[in-house]
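Please take a look at the sequence and the model below before reading on.

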Amino acid sequence: MSLKVKIVIVGGGASGALAALQLAQWIAPTEILVVEPRAQIGRGIAYSTQNPAHLLNVRAGNISVFPDKPDDFVSWLQEKTDFPADPSAFAPRRLWGEYLTERFEETGIRHCHASVRQITVDDKTVCLTLKYLSKSEALQDAHDSRGALPFPGRRQSLRHPVELKGTKDATPFYGAQGNAPEQDNPGDFEKHPVSDDQTLITGKVILATGHFLPVDVPQISETVRRDGRYIRNIWDQWPGLPETHAPVVLIGTGLTAVDALLRLRSDGYQGTVIMISRHGLLSSSHGPAESVRESVIPPETPPSALAYLKAFRQALASGQSWRAGVDSLRGVSNHLWARLPSQEKQRFRRHLLHLWNTSRHRMAPQVAHSVTEDLARGRLIVRKGNVYAIEDSENSLSVKVRVREGTDSIQAALVMNCSGPDTNYKRVQSPVLNSLFKTGLAKPDESGVALATDAKGALINASGNVSNLLYAIGPLRAGSLFETTAIPEIRQQAGDFASLLSEE
Ligand SMILES: Cc1cc2nc3c(=O)[nH]c(=O)nc-3n(C[C@H](O)[C@H](O)[C@H](O)COP(=O)(O)OP(=O)(O)OC[C@H]3O[C@@H](n4cnc5c(N)ncnc54)[C@H](O)[C@@H]3O)c2cc1C
């Protein structure tokens with residue numbers, strides 16, 4: 001089977017969904033296709049959670065999917081939920097995921113229920129090889145390289161299958177109208193045997209494959225890996241909580257570790273949680289809403305990490321609150337970053353990045369409150385160190401940590417890796433990225449992080465040429481951009497693509 005459409009978006013998490021929404025304002029929905037193995041578009045890793053304690057870290061009034069309709073999410077909350085329609089509130093991520101899915105479905109853009117395995121190009125077209133996943137393969141994928149289970153559950157609102165020549169038993173394309181009979185549910189892998197790899201021909205591709213699993217702990221005993229007491233993919237289903245109150249160790253102290261802590265508590269785990277990271281710093285909390293000011297780092301500041309720090313400190317000395325100071329940099333941080341010579345970028349990463357991360361990626365106040373309570377009750381301990389091994393010891397795990405004074409060992413019932421997504425794409429398990437690297441259609445950014453892209457998000461190939469067929473959005477641009485993973489930045493990139501691609 002081969003199908004021609006104008007634009008294919010590979011990956012239907014938040015980035016793919018936002019790109020689709022913006023493109024739909026310029027290009028006919030029948031000309032766009034999103035390829036995504038999960039049941040719903042717009043969820044990905046961050047918005048698949050159903051846990052009501054997992055909150056957005058952005059206020060409801062700042063996270064509309066439409067830049068020109070800033071109150072769209074708040075209006076949706078009012079119309080569709082019991083959650084207060086308050087622009088300054090921090091809503092559950094689950095609700096934002098539902099909102100994005102709904103807005104995507106309203107566009108009429110089709111969702112192809114598969115995974116892209118390979119991409120090749122000729123002069124003017126791109127050819128994608130798709131794989132429809134069997135349930136076990138989908139599970140395998142989830143464990144190997146992706147976030148939460150990508151295999152589809154039963155869709156609530158099944159759609160018309162779009163007729164495609166050559167599709168025998170699988171009917172993976174769904175338009176936006178009508179109800180399909182139950183046997184067309186693409187989630188029913190038992191009823192629909194998996195078809196062979198199939199191909200799509202398209203004019204342009206936007207890669208939106210998102211986040212990968214964290215880097216593994218260097219030494220883990222095989223028994224521990226097999227028996228599920230070490231969890232590398234915290235978005236996956238957990239094998240069960242420890243029956244004893246022996247500590248759970250979370251590797252990482254950022255917002256992912258906080259997500260894991262909240263999930264442990266809502267699942268009923270009452271024991272001690274130990275979070276460990278290199279700097280041992282928890283994220284700060286949001287304060288009351290403040291109006292956004294002009295950048296506290298003026299444009300004429302010399303491009304060095306120290307000069308940026310001095311300008312920031314000067315603003316604090318003149319009475320600026322640190323939160324407003326950090327927020328004032330949001331619109332200019334990519335520009336400030338791009339100005340830094342690579343040595344200064346390294347300096348910033350070494351000395352300042354951890355401080356930036358904990359001040360910029362703040363917890364919603366309710367989340368910060370639970371974390372502070374846990375700390376006060378001694379149920380949460382935050383430590384500094386580098387976990388390098390997990391060994392099986394009598395009835396528990398022995399977590400080996402490098403600390404300033406040497407090494408330490410912590411006894412734990414369970415260890416979860418919350419150290420953040422791996423951004424070295426040469427190392428991650430992704431057939432589609434491997435295929436792009438192998439054929440030289442893509443290369444890592446010079447920093448070794450994510451993909452090399454130009455200022456518009458076009459891929460730069462191994463010979464240094466800028467593609468006019470392949471583009472990337474969101475986390476895939478983390479090599480060249482300082483801020484590229486939060487919704488406001490992804491929304492901006494999606495808008496830029498829409499105007500760029502609609503002109504062609
Ligand atoms: C836990 C968490 C909480 C966050 N909270 C906030 C917040 O409150 N506010 C905010 O602004 N930002 C937040 N973020 C950041 C932000 O929203 C994410 O970075 C964003 O979700 C990125 O979405 P994505 O679609 O690029 O990636 P992902 O969510 O990783 O989605 C990628 C999608 O691509 C699909 N895919 C992968 N490979 C293929 C393939 N080969 N073929 C087809 N499909 C494929 C996957 O199945 C997946 O659905 C959060 C991030 C995380 C992880």
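Predicted model: local features only at pLDDT ≥ 70, side-chain atom pairs only at ≥ 80, totals over all residues.

Residues are numbered from 1 along each chain as its sequence is written, and side-chain values use heavy atoms, with hydrogens and water left out.

- A ligand oxygen lies 3.0 Å from an N or O atom in the side chain of Arg-38 (a polar contact is a pair of N or O atoms within 3.5 Å).
- On the backbone side, a polar atom of Val-116 is 2.9 Å from a ligand nitrogen, and a polar atom of Ile-487 is 2.9 Å from a ligand oxygen.
- The protein covers 92% of the 990 Å² of accessible area that the ligand has on its own (Shrake-Rupley method, 1.4 Å probe).

**The shell around the ligand**

- Of the 35 residues around the ligand, Ser-15, Glu-36, Tyr-47, Asn-57 and Thr-485 come nearest (near means a heavy atom within 4 Å).
- By class, the shell holds 19 nonpolar, 11 polar and five charged residues.
- Helix H14 gives the most to this shell, with three residues.

**Helices H1 and H3**

- The axes of H1 (residues 14–23) and H3 (residues 93–107) come within 10 Å and cross at roughly 35° (axes are lines fitted to C-alpha atoms over the stretch in contact, with angles from 0 to 180 degrees between N-to-C directions).
- Their contact (heavy atoms within 4.5 Å) includes Leu-18 of H1 and Phe-104 of H3.

How values were computed
Helix = DSSP H or I, 4+ residues; strand = E, 2+ residues; numbered from the N terminus. Polar contact = N/O pair within 3.5 Å; in protein donor to acceptor, adjacent residues only side chain to side chain. Nonpolar A, V, L, I, M, F, W, Y, C, P; charged D, E, K, R; others polar.
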